[in-house]
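Let's take a walk through this model together, starting with its open spaces and ending at a single side chain. Keep the viewer open as you read.

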Amino acid sequence: LVYYASFDRQQQANAAVLLASYMMIEHKLSAAGAVQAFSDIPTFPFAPFRDATFAPADFELWLQDVCQGLERAMSVGWFDALTFDVGHYEDLEDPNNGDISEIGDKFVAFRGPKKENPEQ
């Protein structure tokens, strides 16, 4: 698997979260193993993971934090890739259906605020 991210530390952090999650879900790596896979990259540790909202972050969420959360969710059955309903997820993501991200029955994320006028 080859994945390119720019030298921007934020983009590297977000790419690392995606790749580490993939390694944990598909290749059954532990959280520590997934984080360790990035340790030889010169810019490691990366910047904190950042969601897509524009508002200032209230707290920092590091790659290790995200991986440990995913590991916990999988260990207690809150997330299972084999039973994850992609169609249901995509339906809820539609603004007409709530524009939310639901993962299992324990986690719901709402879309962040957006600017009414993009030039503001």
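Helix H1 gives six residues to the lining of the largest pocket, and that is the largest share. Please bear in mind as you look around that this is a predicted model.

H1 spans 9-27, and it is joined around the largest pocket by helix H3 (63-75), H4, S1 and strand S2 (107-110), each of which gives two or more residues to the lining. In total, 42 residues line the largest pocket. To find its centre in your viewer, look for Phe49, Asp51, Ile103, Phe107 and Ala109, the lining residues that lie nearest to it. The volume of the largest pocket comes to about 1800 Å³. What is its lining made of, in terms of nonpolar, polar and charged residues? The lining of the largest pocket holds 25 nonpolar residues, seven polar ones and 10 charged ones.

Finally, let's visit one residue up close. Aspartate 99 sits in the loop that runs between helix H4 (86-93) and strand S1 (100-103). Is aspartate 99 buried or exposed? Its relative accessible area is 17%, so aspartate 99 counts as buried, the cut-off being under 20%. If you set aside the neighbours within four places in sequence, aspartate 99 is in contact with Leu92, Glu93, Asp94 and Arg111.

Methods:
Residues numbered from 1 in each chain as written. Predicted model: local features only at pLDDT ≥ 70, side-chain atom pairs only at ≥ 80, totals over all residues. Heavy atoms only, no water. Helix = DSSP H or I, 4+ residues; strand = E, 2+ residues; numbered from the N terminus. Buried < 20%, exposed > 50% of the residue type's maximum accessible area, 1.4 Å probe, protein only. Contact = heavy atoms within 4.5 Å. 1 Å grid on protein atoms, 1.4 Å probe; cavity = no way out; pocket = protein on both sides within 12 Å on 5 of 7 lines; lining within 4 Å. Points joined across faces, edges and corners; volume = space filled by probe spheres on them. Nonpolar A, V, L, I, M, F, W, Y, C, P; charged D, E, K, R; others polar.
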